[in-house]
Amino acid sequence: MNSELYVLPLVVRIERAAPPERTDALEAAATAVLSLLDDPGEWAAELHSWQSTGKIRKVVRRARGAEWRRAVALPGRTVEHRTAEVRVHPPVPLDGWPRDLARLQVGGTELTDTADPPPAQAPVLWANPGLAMSAGKAMAQAGHAAQLAWWASDAAEREAWRARGLAVSVRTAASQGDFDAMAAAGLPVVRDAGFTEIEPGSCTFVAEAPWLRGRVARP
């Protein structure tokens with residue numbers, strides 16, 4: 001196992017005059033992570049170094065205007081999803097961020113939904129309704145959930161998912177009981193390390209799809 005800690009940088013575009021919808025940003029982040037997992041391209045070595053640590057840490061930063069243009073000029077790929085634009089960059093050592101990414105702010109990602117999102121389609125990444133998370137934190141957690149779902153899917157399921165453009169839906173569970181029941185159903189569950197915002201070990205997201213039930217050993 002690689003002992004050097006790597007992190008996956010995600011940058012969300014938040015322009016003052018036209019911020020994205022919160023759900024769109026979360027779904028874009030999850031799809032961006034899936035895009036890199038499915039096809040790392042020239043960043044296969046960086047992806048291997050990141051995953052070989054045994055951790056899947058992600059950090060979301062925000063950018064607008066010239067900041068966003070500088071982020072886009074760096075190696076990475078941008079996912080556009082309805083109102084949101086999220087750029088995923090190849091993993092970097094925790095203390096080795098490119099300067100133009102390191103200068104971006106982590107805070108200030110307080111996004112809201114001004115309209116109901118469209119009907120959800122599997123896989124659905126369900127947020128824990130009992131936890132308050134900033135949009136940036138929730139984007140990272142949704143990315144974790146998508147990654148766990150990808151790992152739990154077999155080759156045929158991944159191919160079908162790929163044919164749907166690696167689409168995911170992100171929603172908040174209707175009740176704590178609903179969330180807890182899914183978390184106990186052998187589905188991929190994100191348990192947060194507790195670096196920011198919430199207590200270590202908190203279950204933040206569950207990835208739900210018909211083919212995922214029973215795939216993960218129950219705690």
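Let me begin with a term: a residue counts as buried under 20% relative accessible area, as exposed over 50%, and as partly exposed in between, using a 1.4 Å probe and protein chains only. Before I use it, note that the model is predicted, that local features need pLDDT of at least 70, that side-chain atom pairs count only at pLDDT 80 or more, and that totals for chains, interfaces and linings use all residues. Residues are numbered from 1 along each chain as its sequence is written, and side-chain values use heavy atoms, with hydrogens and water left out.

Now Leu166. Is Leu166 buried or exposed? Its relative accessibility is 7%, so Leu166 counts as buried. You will find Leu166 in the loop between helix 6 (155-163) and strand 7 (169-172). The phi of Leu166 is near 60°, a positive value in a residue other than glycine.

Arg82 also has a positive phi, about 50°, although Arg82 is not a glycine. Arg82 sits in the loop between strand 3 (77-81) and strand 4 (84-88). With a relative accessible area of 46%, Arg82 is partly exposed.

One more backbone point. The peptide bond joining Ala122 and Pro123 is cis, with omega about 0°. Pro123 belongs to the loop between helix 4 (99-102) and strand 6.

Strand 6 covers residues 124-127, and Leu125 is in it. Leu125 is at 0% relative accessibility, so Leu125 counts as buried. What does Leu125 touch, leaving out residues up to four places away in sequence? Contact here means heavy atoms within 4.5 Å. The partners of Leu125 include Ala30, Ala142, Ala146, Val168, Val170, Phe205 and Ala207. Ala207 is 82 residues from Leu125 in sequence, yet their C-alpha atoms are 4.5 Å apart in space.

Next, the helices. Two packed helices are described by the angle between their axes and the distance between the axes. The axes are lines fitted to C-alpha atoms, for helices over the stretch in contact, and the angles run from 0 to 180 degrees between N-to-C directions.

Take helix 1 by itself to start. Helix 1 has 17 residues, which at 1.5 Å a residue should span 24 Å, and its end C-alpha atoms are 24 Å apart, which agrees. The expected span is 1.5 Å times one less than the number of residues. Helix 1 is mostly covered, with 15 of its 17 residues buried.

At what angle do helix 1 and helix 5 pack? Helix 1 (residues 22-38) and helix 5 (residues 135-152) pack at about 40°, with their axes 8 Å apart. That angle makes helix 1 oblique to helix 5. For the cut-offs, angles under 35 degrees count as roughly parallel, over 145 as roughly antiparallel, 65 to 115 as roughly perpendicular, and the rest as oblique.

On the helix 1 side of this contact the residues include Ala25, Ala29, Val33 and Leu37, and on the helix 5 side they include Ala138, Ala142, Gly143 and Trp150. By class, the contact of helix 1 with helix 5 has 13 nonpolar, two polar and two charged residues. Nonpolar means Ala, Val, Leu, Ile, Met, Phe, Trp, Tyr, Cys and Pro; charged means Asp, Glu, Lys and Arg; the others, Gly among them, are polar.

Helix 5 has another neighbour. The axes of helix 5 and helix 6 come within 8 Å and cross at roughly 130°. That makes helix 5 oblique to helix 6. Ala146, Ala149, Trp150, Trp151 and Ala152 in helix 5 meet Glu157, Arg158, Trp161 and Arg162 in helix 6. The classes in this contact are six nonpolar, no polar and three charged.

Between helix 5 and helix 6 is a loop that holds Asp154. Asp154 is partly exposed, at a relative accessible area of 36%. Its C-alpha atom is separated by 9.3 Å from that of Trp211, 57 residues apart along the chain.

Last, Leu101, which is found in helix 4. Leu101 has a relative accessible area of 1%, so Leu101 is buried. Among the residues that Leu101 touches, not counting those up to four places away in sequence, are Pro9, Val11, Leu74 and His89.

Terms used. Helices (H or I, at least four residues) and strands (E, at least two) are DSSP runs, numbered from the N terminus.
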